[in-house]
Amino acid sequence: LRVLLRDAYGNECAPDTDGLSAVLRGAEDVRARASIEPATGPAASGAHESLTLAITFEATPQVAGRYFAHVTLRGAHVMGSPLRLLVEAGEAEAALCRLVGRAPGEAIAGVPESFVLQLYDGAHNPTCKGLTELGARLLPPSRLVEMLSPTRPLNEAQLEGNGESGNGESEPLAVSAEDGSIPKCELEDLGDGAVRVLITSQRAGKHAV
């Protein structure tokens, strides 16, 4: 936010942060940091040619949601304050996304089984940004070396079934019965960054998702 100061008669004043403050109020309260910078670009529109400086407020909210920016001078709102502001969630961070509830430990061959994954951004906000980059694979027994810990995903060699095994702690999904068809792993968007992972295999044995 940029603020240009005027006196009671509409004359432009030299920028001074004394008595001037800005706070975002909404999902959380964030106090903005004030600085005096050159009044260039669209923010200087309508300013007198001799006015070369403006007051800039900068804030970094961490919680997505609706906010109001309250800009006050000696306790009174400046023109246009409070200003409505929408803060959106950022891109999903793989390390922060997590399962909702528990993933199935057993399944029946040919019968779909599912679990839900929630995507979060770097500030732990639920987010839909990143759904198009989300992928999942169900590895059948013939290609499964060993299931690694969720914090240590399978490398490409292991995904092809020819890598060295790791020392993971998670147990692979056990499926009972067999008929040799390719396992299915599908993703369904549930909205608000929640994704249902639907898995189906016709083969008996331990699988990895």
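Guide: First, a term: a polar contact is a pair of N or O atoms within 3.5 Å; within protein, one must be able to donate a hydrogen and the other to accept it, and residues adjacent in sequence count only if both atoms are side-chain atoms. This is a predicted model, where local features need pLDDT of at least 70, side-chain atom pairs count only at pLDDT 80 or more, and totals for chains, interfaces and linings use all residues. Residues are numbered from 1 along each chain as its sequence is written, and side-chain values use heavy atoms, leaving out hydrogens and water.

Visitor: OK, which backbone nitrogen does the side chain of Asn125 reach?
Guide: That of Ala64, at 3.0 Å. A polar atom of the Asn125 side chain also lies 2.7 Å from the backbone oxygen of Gln62.

Visitor: Is Asn125 buried or exposed?
Guide: Buried, because its relative accessible area is 8% (buried is under 20%, exposed over 50%, partly exposed in between, with a 1.4 Å probe and protein chains only).

Visitor: Switching topic: which strand pairs with β9?
Guide: β11, residues 113-118, pairs with β9, residues 98-100, in the antiparallel sense over three bridges. Pairing takes at least two bridges found by DSSP, and strands are DSSP runs of E, at least two residues, numbered from the N terminus.

Visitor: And what stands opposite Val100?
Guide: Val116 in β11. β11 also pairs with β14, residues 194-200, antiparallel over six bridges, with Phe115 opposite Val197.

How values were computed: Helix = DSSP H or I, 4+ residues; strand = E, 2+ residues; numbered from the N terminus.
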